[in-house]
Amino acid sequence: SKKRYADLYEFAPIGYVTLDSHALISMINLMGASMLGVQRNTLINHPLEESIEAGDIERYRKFIHDASTQIDRQTSDLALKRFDGSVFYAQLDCAKVRQSWSPTELRITIVDVTERKRVASENEALAFYDSLTRLPNRRLLLDRLQQAVNSSARTMRHAAVLFVDLDDFKTLN
């Protein structure tokens, strides 16, 4: 049973990380170390924060704070960097574990969502921009107009729309 658990942990298709009460990595499985592009023993007793992309550090800190202080499981999408400097996007799910014989630990799963982010970005580009010219399309115009109307209603300020009709634009294009 213990060997089966160890095999499931070590060879899982997602990364598992355990942070101690000082937010240092106390355990990490093979996939977690592989995702970060470094040997597992190099990560032990180092902060996971070292693997967070600079632009997401504050979100990571809030994520860890919330996970440490709240009962509910926390989830966040963050940009992580590998040892070689390349960046990937990951979904981190965190649960606080408190056992009577040890201080509070945080258990985190790491799932690579880079492909999902790429597809979402492509879908957004297809939805709001012309595929040939890469110019904003009618759907983006309507979206931005709705945002302006909502903002005007919320702030009680006026807004204006300038519409320019270019004759024979199709010919010009």
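Modeller: Let's begin with how burial is read: a residue is buried under 20% relative accessible area, exposed over 50%, and partly exposed in between (1.4 Å probe, protein chains only). This is a predicted model, where local features need pLDDT of at least 70, side-chain atom pairs count only at pLDDT 80 or more, and totals for chains, interfaces and linings use all residues. Residues are numbered from 1 along each chain as its sequence is written, and side-chain values use heavy atoms, with hydrogens and water left out.

Colleague: How many residues does the protein have, and what percentage of them count as buried?

Modeller: There are 173 residues, and 27% of them count as buried. As for the surface, areas come from the Shrake-Rupley method with a 1.4 Å probe, and for residues only the protein chains shown count as cover. Here the protein exposes about 12,600 Å², with carbon and sulfur atoms supplying 56% of that.

Colleague: On to the inside. Which residues have the most contacts inside the largest nonpolar core?

Modeller: First the general idea: in soluble globular proteins, nonpolar side chains tend to be buried together. A nonpolar core is a set of buried Ala, Val, Leu, Ile, Met, Phe, Trp, Tyr and Cys residues joined through side-chain atoms within 4.5 Å. The largest one here has 25 residues, and Leu19, Leu80, Leu92 and Ile108 have the most contacts inside it. Several elements each supply at least two of its residues, among them strand E1 (15-19), helix H4 (57-69) and strand E5 (102-112). H4 gives the most, with 5 residues.

Colleague: And what does leucine 19 touch?

Modeller: Contact means heavy atoms within 4.5 Å. Not counting residues up to four places away in sequence, the partners of leucine 19 include Ile25, Leu48, Tyr60, Ile64 and Ile108.

Colleague: Is aspartate 56 buried or exposed?

Modeller: Aspartate 56 is buried, at a relative accessible area of 14%. You'll find aspartate 56 in the loop between helix H3 (40-43) and H4, touching Leu78 and Ala79 once residues up to four places away in sequence are set aside.

Colleague: What about proline 103: buried or exposed?

Modeller: Proline 103 lies in strand E5 and counts as exposed at 51% relative accessibility. Leaving aside neighbours within four places in sequence, proline 103 is in contact with Ser21, Val97 and Arg98.

Colleague: Now charges. How many salt bridges does the structure hold?

Modeller: A salt bridge is a side-chain nitrogen of Lys or Arg within 4 Å of a carboxyl oxygen of Asp or Glu. The structure holds 14. One of them joins glutamate 115 and arginine 118 at 2.3 Å, N to O. Both lie in helix H5 (residues 114-128), 3 residues apart, about one turn of the helix. Glutamate 115 is partly exposed at 49%, and arginine 118 is partly exposed at 37%.

Colleague: Last one: which residues form a nonpolar patch on the surface?

Modeller: Patches are made of residues with over 30% relative accessible area and no salt bridge, where like charges are joined within 9 Å and nonpolar side chains (Val, Leu, Ile, Met, Phe, Trp, Tyr) within 5 Å. Here Leu162, Val164, Leu166 and Phe169 form one, with about 450 Å² of accessible area together. Valine 164 sits in the loop between helix H6 (138-155) and helix H7 (169-172), and counts as exposed at 57% relative accessibility.

Conventions
Helices (H or I, at least four residues) and strands (E, at least two) are DSSP runs, numbered from the N terminus.
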